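Please look over the model shown here.

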Amino acid sequence: MIAPTAPMARALRALAVGAVVTTVAVLAHVLGHGTPPPVVALVPVVAVVAAVALAMSGRRWSFGALVLGVGTAQVAVHGLSVYLTGDAHVSVAMIAAHVVATLVSCLSLSAGESLWWRLWRWMTRALTQLTLVAPPSLRRLPGYGVTSRIVPVGWHADVLPTRGPPSFV
């Protein structure tokens with residue numbers, strides 16, 4: 001089972017967070033009556049947000065860390081949109097849309113983070129239980145001039161009874 005802090009898991013989490021946070025920030029900017037930046041300009045934003053998320057993903061994210069990271073991304077996307085489109089108006093609706101988007105994103109990411117760690121704990125516990133109840137592996141013991149017998153690992157051949165059914169059965 002891959003750990004939530006393994007490099008591949010961290011990279012996937014960071015990329016997902018970067019894409020979601022940037023998308024929600026652009027939607028908030030548009031809902032606040034702003035102009036969306038070109039999609040090509042958003043690629044570096046996703047990369048920067050993903051890099052910050054990757055740096056933060058060495059352990060479980062707190063809600064405060066999420067608010068700080070997502071809020072910074074909201075401000076960055078707003079600034080990028082204003083810079084690229086020349087639409088420099090800032091209204092109460094724009095600020096409210098970015099604040100609501102930040103809170104909704106943080107609540108969603110917090111729920112996803114909780115689910116991620118809970119799923120990992122559940123899978124680890126399930127795999128541990130499976131290894132505890134699995135039957136011992138079998139191995140062949142050398143026979144005494146007759147066919148070999150299969151006995152569970154940990155049993156000794158001298159403890160096994162020498163009598164049994166006839167060999168033709």
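What follows is a short report on helices, packing and a pocket.

This is a predicted model, in which local features need pLDDT of at least 70, side-chain atom pairs count only at pLDDT 80 or more, and totals for chains, interfaces and linings use all residues. Residues are numbered from 1 along each chain as its sequence is written, and side-chain values use heavy atoms, with hydrogens and water left out.

**Helices.** Helices are DSSP runs of H or I with at least four residues, numbered from the N terminus. The expected span is 1.5 Å times one less than the number of residues. Two helices are set out here.

| Helix | Residues in helix | Span between end C-alpha atoms | Expected span |
|---|---|---|---|
| α1 | 25 residues | 36 Å | 36 Å |

After α1 comes H33, with a positive phi near 70 degrees. After α3 comes G86, whose phi is also positive, near 75 degrees.

Buried means under 20% relative accessible area, exposed over 50%, and partly exposed in between, with a 1.4 Å probe and protein chains only. Buried residues of α1 include R13, V17, V21 and H29. In α3, the buried residues include L66, V70, G71, Q74 and H78.

**Core.** A nonpolar core is a set of buried Ala, Val, Leu, Ile, Met, Phe, Trp, Tyr and Cys residues joined through side-chain atoms within 4.5 Å. The largest one has 18 residues, and V17, V21 and L109 have the most contacts inside it. Helices α1, α2 (39–56), α3 (63–85) and α4 (92–133) each supply at least two of its residues.

Contact means heavy atoms within 4.5 Å. Leaving aside neighbours within four places in sequence, L109 is in contact with V17, V21, L66 and V70. T102 is found in α4. T102 counts as buried because its relative accessibility is 10%. Not counting residues up to four places away in sequence, T102 touches V67, V70, G71 and Q74.

**Second largest pocket.** This pocket holds about 280 Å³ of space. Its lining has 18 residues, with V49, V52, G69, V70 and A73 nearest the centre; lining residues have an atom within 4 Å of a pocket point. Helices α1, α2 and α3 each supply at least two lining residues. The largest share, 8 residues, comes from α3. By type, the lining divides into 16 nonpolar, 2 polar and no charged residues.

Key
1 Å grid on protein atoms, 1.4 Å probe; cavity = no way out; pocket = protein on both sides within 12 Å on 5 of 7 lines; lining within 4 Å. Points joined across faces, edges and corners; volume = space filled by probe spheres on them. Nonpolar A, V, L, I, M, F, W, Y, C, P; charged D, E, K, R; others polar.
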